[in-house]
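Hi,

Here is the structure I promised to pass on.

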Amino acid sequence: MLPRLDSIKQARTKIGVTQKQLAKMTGVSTSMINQIESGRSQPSYETAKRIFDSLATLEGRADPNKAGDICSKEIVKMRPTDSLHDAIHKMRKMSISQIPIFSGSEPVGIITEDGVVKHLADSDESSWKSIQLADVMEATPPIVDYQTPARALVPLVRYSKCILVVKSRKIIGIITASDTLKMLE
């Protein structure tokens, strides 16, 4: 899924690139970039992807922080067979709002505060120990490469609440909204 087209101009001006420079990088005309930014033209998916890929590359050059730099290396994990009660206890004890669910070394889902609250409303406390996380977990959170520019992660973490970070096909960290604050240091 690509970001919204109306974010192109803001991203381009934020990193100090002209429409002409962006057009050259993406292989479209300067007038096409102008029309896209003003909402007068809808680019094809391929063109939009090239534009966003070019912006991400440029932003990466301007932003020294990478996903691997800001992620928390200590990942609190649970298994699909763990109970909802265990997840609630762990979230409260560790003051965290989401926990990725792993089957072996593979992420298979996530349990979040919002998901817990939803299931608490639908069940009574006596059943929490018998409800397995496999039955209440949400979809696997997004996974990004450790070299992904950190600024590119902010919209993604706002949507998904957390992001897993991978290096050489191995999960090495997790990024939550609070981790994005490290970019301000």
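To start with a detail: which backbone nitrogen does the side chain of Asp145 reach? The backbone nitrogen of Gln147, at 2.9 Å. That falls under polar contacts, meaning a pair of N or O atoms within 3.5 Å where, within protein, one must be able to donate a hydrogen and the other to accept it, and where residues adjacent in sequence count only if both atoms are side-chain atoms.

Before the rest, some housekeeping. This is a predicted model, so local features need pLDDT of at least 70 and side-chain atom pairs count only at pLDDT 80 or more, while totals for chains, interfaces and linings use all residues. Residues are numbered from 1 along each chain as its sequence is written, and side-chain values use heavy atoms, with hydrogens and water left out.

More on Asp145: this residue sits in strand E3 (residues 143–145). Helices (H or I, at least four residues) and strands (E, at least two) are DSSP runs, numbered from the N terminus. With 37% relative accessibility, Asp145 is partly exposed; the scale is buried under 20% relative accessible area, exposed over 50% and partly exposed in between (1.4 Å probe, protein chains only). Leaving aside neighbours within four places in sequence, Asp145 contacts (heavy atoms within 4.5 Å) Ala67, Val165 and Val166. Pro43, 102 residues away along the chain, has its C-alpha 27 Å from that of Asp145.

As for the overall layout, there are two domains, domain 1 (6–62) and domain 2 (67–182), with bounds from an automatic or database domain assignment. Their centres, taken over C-alpha atoms, are 33 Å apart.

Gly115, Val116 and His119 are its buried residues. They lie on the same side of H7, because they cover an arc of only 100° around the axis, judged by the directions from the helix axis to the C-beta atoms. These buried residues pack against helix H6 (84–94), strand E2 (106–112) and helix H8 (133–136). On the face turned away from them are the exposed residues Asp114, Val117, Lys118 and Ala121.

Most residues other than glycine have a negative phi, yet Ser95 has a positive one, near 55°. Ser95 is in the loop between H6 and strand E1 (98–103) and is exposed, at 66% relative accessible area. Arg169 also has a positive phi, near 65°. The loop between strand E4 (162–167) and strand E5 (170–176) holds Arg169, which is exposed at 82% relative accessibility.

Cheers
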